[in-house]
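Please open the structure in your viewer and keep the selection panel at hand. The stops below move from a pocket to a surface patch and then to pairs of charged side chains.

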Amino acid sequence: MSITIVLILIFVDPAGPVPALPVLKEATEAKTFLGLIWQVESGILGLLTAVILFAFEAMGRSRAEISVWEYAGRSWLSQYLMLGAAGVIDVGLVLMWTEGRPPLTAAHFAVTLSFSALVALPFVLYRAIKVVHPNWLREQRLSDVRRTVSELVAKDLLDHVAQIELREWAEHANLELGHRFGAQRVAAVEQASEAGYISDINLFRLERMARRGAEGLVLTTTLGERVSEGAVLVVARNSLSGHKALCVVTRHKDSRDLNTLLMQFQEEAMEAVRSESIIAIESVIETFEELWLAWPSLWIQYIQKDASGVLGSVNYERVGPLGDVSSGFKSAFDLAVGRGLHEHVAQMSSSLYRIGRKAIELPAPASLRGLADLARSLISRISTSNSPELQAQVNQRAWRMQVELCDYTAVPSSNDDMTPVEKKRGAIDSIDVLFRAMTETLKRLAEVGDYNEFVRLDKAFDSIEIEREPITRSILQGTVGRQVNTSDVGQQDPSLLELQLRLKGLGKSRLAYRLSVFAWMIAESQEEIGYRARELAIDRMDALGSVENVLAAVDAALSNDSLLSNWILWSLPEGEAHWIDSNGYILRAISVYLFRHTRIDSLYHYPWMNDHRIERLKHEWDILAEERPDWLVGLLAADEIIERIEHLKLLADKALKDQKAASDRRLIDQLFDSEKIERFKEAIYRTWASNRLIVDLADASAISITQSPVTEMGERRFGFSPLLEPKGLFVTPTDWGGLEMNGEDLGRQLGEAELAVIIQEVMRRAPKLAGRGDAAQRLRQALDVLRTEGLSPNIAFVPISWRLTRSLGLQEQQEEGLGSLKGRFKGYFEGVMVVAWHAIPKERIFVADLNAFASVTEGVSPDGTVVGVETDVDFIDADKAREIVSHWSDPTDGEDEEDRMTRVLASALVRIRRPYQVQVVLPVAARSIWLPESAR
């Protein structure tokens, strides 16, 4: 730029007299002066560059990760080189003037530029010397990281707030927020003109598009999304032209590369350890703490400033670049442990506790989860460490941090009456995060063989008192500072009741988590972590308490097995299909536990006990009896082992029977849930309507359906005999599931039964026809017989057999309009529809003129609509139960009269029927064809 200016000033000298410096008045003196300046500045510039580069070389020997480009930029050398070079070149251009005195304006400009470079020289030297100092450079680099992350956090949160505003605005405007998938089937209103990022959305223009008649206007992108050239951004059902509403930029507003800056953080952390400087590591830790909670901290500030309350209602927590930050911290921490730097390790460990406490107070559960993962990753095997004593301290500090955060921060906050509801909820979320983290840490300690710390952590985990004060104090306190009467309990805050239930649930979760660890250790001990771990797990299972407590823990572990399932998944080899059997781990552990307890006279029943699980438990005992592992049976004789296992099997069977009876007794007294009954009826009707095969045949002109007023069809109805369905499907609360699936299955069966009853009549009433030849010849002969008799055969029913279908020369067809019959339709044989049916014997084919064979009638209401399915779900009282049981045969499975009555009383009587009749009119309108073995 300066060179251009000088050239302009040389050839286009401004008009009018220009005041000149005395040394520039005469041509000779001017050139001599400019030449002197040129020589001095060139020499200084070269010397300065050499000095600074020598200084950089000296620093580079200790800080090899600092590039020359970074050093040149931070020392202002690059800026000074540009300024000095510009001065040298400009003076040189002026000196090239040969016609007398140089143009004064150009000469003044060049001199000014050169003197500026000379004046800046001491500042550049000062800056270059300062950069060499490690403390100053470290602070600058860490400051860059903090500043850039803060900018990214602010931008990210502003984009998120903008998205909230956009969603709210779209609800009131004629605009839908959708996806780009499927956009090719509608008109593209706006597309990206170039690849880049969505930086802004003009809501005014979008609204104007909607008002101008764009039907079904859909915005398919969002702020900050990266889009390719030509990507569809706005679509509608009709085309529309106008101004663009979205702004696409080729780069984000943030020009700095965050990954590069985070690499600087890691380099500074490593250098702080290598230099063994406490001041340096404190500075790194300060930056680490700021980065870790940058996103949730700023989000909380936004919520506090938001007067509308919109942001507070949004559950949003982004953890930011925690992976890179965590990696840098761990690398420096491992180096400090390897070098035996106790003070560095202590400082870094303390920072984890401080961050965890702040994360609970915010609250920021996701950040806390990442922190717990980082703490767990610091645990390592002591025997392989360069500093065994220090590594042992690290292992202990890692789990103590989690226990203390839970015991001293999260739990007190969840029990404090003065804590707001949202803070209580955040504290309980934090307890859940820490419980899971402690469980993962137990597993990690077992993996590295630190069994002493494993026992200490398990004991500390078990001793955490979740509910320290009666939480009813908080429930009875409607607002802070306003005490209400105990008579107001019925109107207590539902949120506090929810928190009470969650706290109680955490106690069960803790049992489940601990048992999951023990089960994993028992199952994996042979291959992964050694036999000592199995012995320790068996021993710690005794610490769960009585047998009843352990069985209760099984109940919790089987219903909350996400951690155990993940552990199993991680241990499986890649590239193969596997079955994740977390139940098997739990049942194997409980089978070992019960076998070791020789004085068990009874087992209390629990909800987890069902036929399948008890059978698996007994199978585990059979394996123990067969393998007789020394670590479990010891010196027991074979007869003693079998006797003990048979005793346990009897107890398990008795507990299962008691559980079924207890479940039935609870169901007997429960009332029906009318909403569930309606859902059951709707599921039956919905699947019946979509699976009416008889209607599909009628649509294909294979049969006619006569409609008759339902009042004229009498009392007889088509449907199922009264069914005994589990009452648990129709009550609330319940452990039963599959209500709608059960209803859909019954509806599907009813829809298929309308055709099945006709096929049954064809199979029962059709005269047999002798034939010759292969299957196709025999079918052709039967069709000829019916046609000779003046009938019009329109359907053939064949067994499900691909060989038979191929021998008939058919290929499975997908004909439109066949509905649910489509999967059974195999094609046409000489114009006759061929349908495969599961009930047809493999040696038979049936062909019929259905219109002549039978008449089908269904009822319609007075307004002419088809009467659907009538479903009744009735309560069974004692008299009805006795009546039902009286028609049963004598029991053969050991079930007595009382057991039968209980089972019936715990059921619901379901009747499903509809006005539908089938009457055989002309049996000879069908034929049954026998297929020999060779023709099938």
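A pocket here is an open set of points, on a 1 Å grid over the protein atoms alone, where a 1.4 Å probe fits, with protein on both sides within 12 Å along at least five of seven lines, and its lining residues have an atom within 4 Å of a point. Its volume is the space filled by probe spheres set on the points, which are joined across faces, edges and corners.

This is a predicted model, in which local features need pLDDT of at least 70 and side-chain atom pairs count only at pLDDT 80 or more, while totals for chains, interfaces and linings use all residues. Residues are numbered from 1 along each chain as its sequence is written, and side-chain values use heavy atoms, with hydrogens and water left out.

**The largest pocket**

Select Q659, K660, A661, S663 and D664, which lie nearest the centre of the largest pocket among its 36 lining residues. The volume of this pocket is about 1,100 Å³. Next colour α25 (638-669), β10 (723-726) and α33 (897-905), the elements that each give two or more residues to the lining; helices (H or I, at least four residues) and strands (E, at least two) are DSSP runs, numbered from the N terminus. The largest share, 12 residues, comes from α25.

**Along α25**

Move to α16 (residues 451-463), where E453 and R456 are 3 residues apart and form a salt bridge (2.8 Å, N to O). Here E453 is buried, with a relative accessible area of 7%, whereas R456 is partly exposed at 40%.

Then select R780 and E830, joined by a salt bridge (2.4 Å, N to O). This pair links distant parts of the chain, 50 residues apart, with R780 in helix α29 (residues 775-788) and E830 in the loop between β13 (825-829) and β14 (832-836).

**A last selection**

Finish with D458, D462, R514 and R540, which are linked in a network of salt bridges.

Conventions. Salt bridge = Lys/Arg side-chain N within 4 Å of Asp/Glu carboxyl O. Buried < 20%, exposed > 50% of the residue type's maximum accessible area, 1.4 Å probe, protein only.
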